[in-house]
2 protein chains.
Amino acid sequence: MADSELPTRPKPEETQEAGAPAAPAEGDSKSASKNAAKKAAKEKAKAEKAAARAAQEKAQAAAQEANDTAKDLYGQLPETEDVNPTTRFSDFTEEEKEVTVVARVDNARVQSAKLAFLMLRQQGQKIQAVIAAAEPISRQMIKYTGGLNVNSIVQVTGLIKKPEIPISSATIQNLEIHIRKVYMISEAAQMLPMQVKDAERPPPVETADDAPQVDSEGAPIVTLKTRLDNRVLDLQTETSQAITWISSGVAQLFSEYMVKSGSRWIFTPKLVGAATEGGSNVFEVKYFKRNGYLAQSPQLYKQMCIAGDMENVFEIAPVFRAEDSNTHRHLTEFAGLDFEKTFEHHYHEVLEFAEDLLVFILSQLKERYAAQIATIQKSYPKAGDFKLPKNGKALRLNYMDGVALLKEAGVDMSEQERFENDFTTAMEKQLGQIIRDKYDTDFYVLDKFPMAVRPFYTKADPKDSRFSNSYDFFMRGEEIMSGAQRIHNIDELEASMRSKGLDPTQEGFEDYLNAFRQGCPPHAGGGLGLNRIVMFFLGLPNVRLASLFPRDPQRLRP
Amino acid sequence: MADSELPTRPKPEETQEAGAPAAPAEGDSKSASKNAAKKAAKEKAKAEKAAARAAQEKAQAAAQEANDTAKDLYGQLPETEDVNPTTRFSDFTEEEKEVTVVARVDNARVQSAKLAFLMLRQQGQKIQAVIAAAEPISRQMIKYTGGLNVNSIVQVTGLIKKPEIPISSATIQNLEIHIRKVYMISEAAQMLPMQVKDAERPPPVETADDAPQVDSEGAPIVTLKTRLDNRVLDLQTETSQAITWISSGVAQLFSEYMVKSGSRWIFTPKLVGAATEGGSNVFEVKYFKRNGYLAQSPQLYKQMCIAGDMENVFEIAPVFRAEDSNTHRHLTEFAGLDFEKTFEHHYHEVLEFAEDLLVFILSQLKERYAAQIATIQKSYPKAGDFKLPKNGKALRLNYMDGVALLKEAGVDMSEQERFENDFTTAMEKQLGQIIRDKYDTDFYVLDKFPMAVRPFYTKADPKDSRFSNSYDFFMRGEEIMSGAQRIHNIDELEASMRSKGLDPTQEGFEDYLNAFRQGCPPHAGGGLGLNRIVMFFLGLPNVRLASLFPRDPQRLRP
């Protein structure tokens, strides 16, 4: 009964016998390239691989025949070797002692018949290893070591020493390993679609077809497309390692704050029966003999949890948007951080709770992930340090304050625009700059948006119905959260739906509306985009860099 | 820019003007009932509601006309009232003092013109409130209070006192509230599809059409279907409140353990380009101009994260299964808890890590959620306390030990069955009972499953290729986790695929297989079903009770 994982038995239609294994994908080759050319390249790669392997086997055999003094010190890991504990680079000290490490081969080169070098890599950290001929180390072992395929994973035993001069190409420059043993753990193919060390340099902003292929120093330029096509290699870079830690940190800090507040972790369905949330932006799913849809947000369900007396709930789950937006900041699937909460007297209780949440997440990121942030800034220095309010409380302005700040700066919205439109993306960015200059913060909140630009379930401002009890959160002038007090009175809710042109009797709304007919406490909440928080916090140029395996209208792989 | 939440503006096709609001759904009525009957019922409900409202308004108006001495003490919340802090039932002490609470009306009745009672409810906790005529409380106020619609949310101010005799129908029996003010926060409809207090009794196991509608004491029996159709009301029961806390706890404890172990929280795509995971059990999605699929597990992606040097990763995310299984323990969407981890020398390093994870989760549930567990056991006492191993370490047996235990008990598998089949569900349950009797634990692990019953990526046992380095975790004889050491060598992986009848050159496998061609460290992992952990830990009769809004082949709402 292995049904928590993948099914075990293949279907009959899948049981046809397979051909030879495919060679690795070529880097940057157009995906539209002819199959024939691809097949030929595969055959060629296969032949090269076979030849390389045959040569290696021959060399090993020859070595053994020649009674290689080092024959047990390299090659396949002997059974007797697998009991040594291994050390991590980060635990190295300047004390001269023998260590065993498991690491990637970042680079391998033979200097002479008696000397070879490896650059070893662990999660982006690099250290140099050197092997020199001296009993029992043989020339065959040096040849083997210097000829290792880049990206292979090896187990190396050696002596940690201080090098005569610092190794400038390594991240650990003041130490090197003098190799005594080197065994293969996992061999990489000779040909890789891209080199991890080339991907360590940030992708070009320019990605046109006629963009240069090498940089001013002659090093290959790896485009964003190549990186994402070969994301497993790209994840191995120091920068990607650091970004994935920040993503992990955002989710963890969100849940930590919510749990501490007494919130309940919920899992609402992503498969829903009706496209109540907005027509054409919803993915359609074949659900047995009928149609289903993918939830665009947990909005209706988290409100139903509140109506179910859960009082304070949060969810961390994928959000699906079938928007055909091909921009630097849109994904069709992203990680949503949602919360919903009752309040006693005023929705500002929840707003303050959410402001404190963001201040907690962003300040704790700085505290707990300082090393990762510094690493990422080496590749993406442009945006600079993320500025948080000095007093530990979020800056909150009203929407109309934003209008006024923009007007001061020469951007004047007409009376109609103020109440019926929202800021454009360009205006938001400009406002972000104005607020940074004036208040010295990259994080701020706008409250009281016009009712006309908010969804039907938003509570109007009881004092001025042109506005609403709703708020957006911004980082560096871009929106990362939207939230509001929700209407909890059924009559008010139905009237709001009608005023927005929605039909409360439409199929799919019934369960949602019943939740309010059966009594529901006043509540407010919000929905955050994890990937955008990561992107804007770090000043990344593209949200795809803040997603493990990004999805957009063009991309459904890897 | 409210794009973290729902879209704001309706599509033109949705803008038709709506009719009157629908009445609440009827309880237990067959979903196949004629539309006409439904419409008539709705009309009737609507008329009744309108009549009730009119009557109430008239009563209030009359009260005011009669110069009601209590007119500011009940009805709509006056603006000036909203500044009193409210108290929770759980904070009540025996000290006689005035409190303000916000709570549901669980029941309301007029005893006489001078006396009425409310049963007030907060997340399943109940306390009695009493109102008696005495200056300034008027007869009109008593009539209003005793006539409140059940399930309405009210704000009550009153004096906490010790009742003369304990209130046996309340959960807080030694206190009652003497009402001074009662205001409406959210009014429930007069007619509810089911009563929360009826749903407090567990659903019948028997759900046939001719099952009795009332129990031996004449109280209505609320079937599982009615509960799930009206899940928002069902969530308000003390039992559902407790179950949702346990679900929340499992997710929180899983992430707590993983984060403490240095694991990175990942979000892998649920929208995938190819149905590599097993043909007909995959949901198909319309992805712009092509087809996509919903991931059946994060298996291939979490392995790709390991190949991407992430070393230790975990995910908490929905898992989708298009299996047409209509059983008590299958869902088409459930919360998956997945982890994947490299190891140094032996996959048992990861297995022990996972065993300790489960012991941590289950023992901490007992410690942190004792009150909730006790509440749930009142409704579902049959399975009894969940037994954990006394020494704090998981019991681990081999698959063949299980075969031997079953044989001792008279269940003998043939030689062929032992290596080519897995235990049936009945055999698993029997084995669970045998192990409980012999080892006094409801949680245990079976290791070394036959290779024939495991997925292609499973590592065969190097000492006996009929078996594999794979394991299942069981609670009360039912599987809650499946895991294994994975093959990390590309040649071995392709050979395993072929031996299982899969074609490594099939579209969709390329990115996964490239991850191994580019070098991948040895690793193992597992996937847990959150809902099943909750179900078996608590001994619930149906997994739907352990899901907020369950999805099965028949159910796509609410």
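How many bridges join strand E11 of chain A to strand E12 of chain A, and in which direction do the two strands run? The legends below take up this point and then move to other parts of the predicted model.

In this predicted model, local features need pLDDT of at least 70 and side-chain atom pairs count only at pLDDT 80 or more, while totals for chains, interfaces and linings use all residues. Residues are numbered from 1 along each chain as its sequence is written, chains are lettered from A and ligands numbered from 1 in the order in which they are written, and side-chain values use heavy atoms, with hydrogens and water left out.

View 1. Nine bridges join strand E11 (residues 312-320) to strand E12 (residues 333-342) in chain A, and the two run antiparallel; strands here are DSSP runs of E with at least two residues, helices are runs of H or I with at least four, and both are numbered from the N terminus. Within this pair, Val319(A) stands opposite Phe334(A) of E12(A). The open sheet to which they belong has eight strands in chain A, in the order E7-E11-E12-E17-E16-E15-E14-E13 and with mixed pairing, where two strands pair if DSSP finds at least two bridges between them. Its edge strands are E7 (264-265) and E13 (395-398) of chain A, each of which pairs on one side only.

**View 2. Helices H6 and H10 of chain A against the sheet.** Helix H6 (residues 238-260) of chain A lies across E7, E11, E12 and strand E17 (523-529) of chain A, and it runs at about 155° to E11(A). Helix H10 (residues 399-408) of chain A also packs on the sheet, where it touches E13 and strand E14 (443-447) of chain A, with its direction at about 85° to that of E13(A). Contact means heavy atoms within 4.5 Å, and the angles, from 0 to 180 degrees, are taken between the N-to-C directions of axes fitted to C-alpha atoms, for helices over the stretch in contact.

**View 3. Strand E17 of chain A and its two partners.** Seven bridges join E12(A) to E17(A), which run antiparallel, and Thr342(A) has His523(A) of E17(A) as its bridge partner. Strand E16 (residues 478-486) of chain A is joined to E17(A) by six bridges, again with the strands antiparallel, and here Gly483(A) stands opposite Gly526(A) of E17(A). Seven of the seven residues of E17(A) are buried, and the strand is mostly covered; buried means under 20% relative accessible area, exposed means over 50% and partly exposed lies in between, with a 1.4 Å probe and protein chains only. His523(A), Gly525(A), Gly527(A) and Gly529(A) point one way from E17(A), whereas Ala524(A), Gly526(A) and Leu528(A) point the other way.

View 4. Over all chains the count comes to 49 aromatic pairs, a pair being rings of Phe, Tyr and Trp (its six-membered ring) with centres within 6.5 Å, counted as stacked when the planes are under 30 degrees apart, as edge-to-face when over 60 and as tilted for the rest. Tyr257(A) and Phe360(A) have ring centres 5.7 Å apart and planes at 40°, so their pair is tilted. Because Tyr257(A) lies in helix H6 of chain A and Phe360(A) in helix H8 (residues 348-368) of chain A, this pair ties together parts that are 103 residues apart in sequence. Tyr257(A) counts as buried at 16% relative accessibility, and Phe360(A) counts as buried at 15%. Trp265(A) and Phe314(A) form a tilted pair, at 5.1 Å centre to centre and with 35° between the planes. As Trp265(A) lies in strand E7 of chain A and Phe314(A) in strand E11 of chain A, the pair ties together parts 49 residues apart in sequence. Both Trp265(A) and Phe314(A) are buried, and they belong to one aromatic cluster that also includes Phe254(A), Phe267(A), Phe254(B) and Trp265(B).
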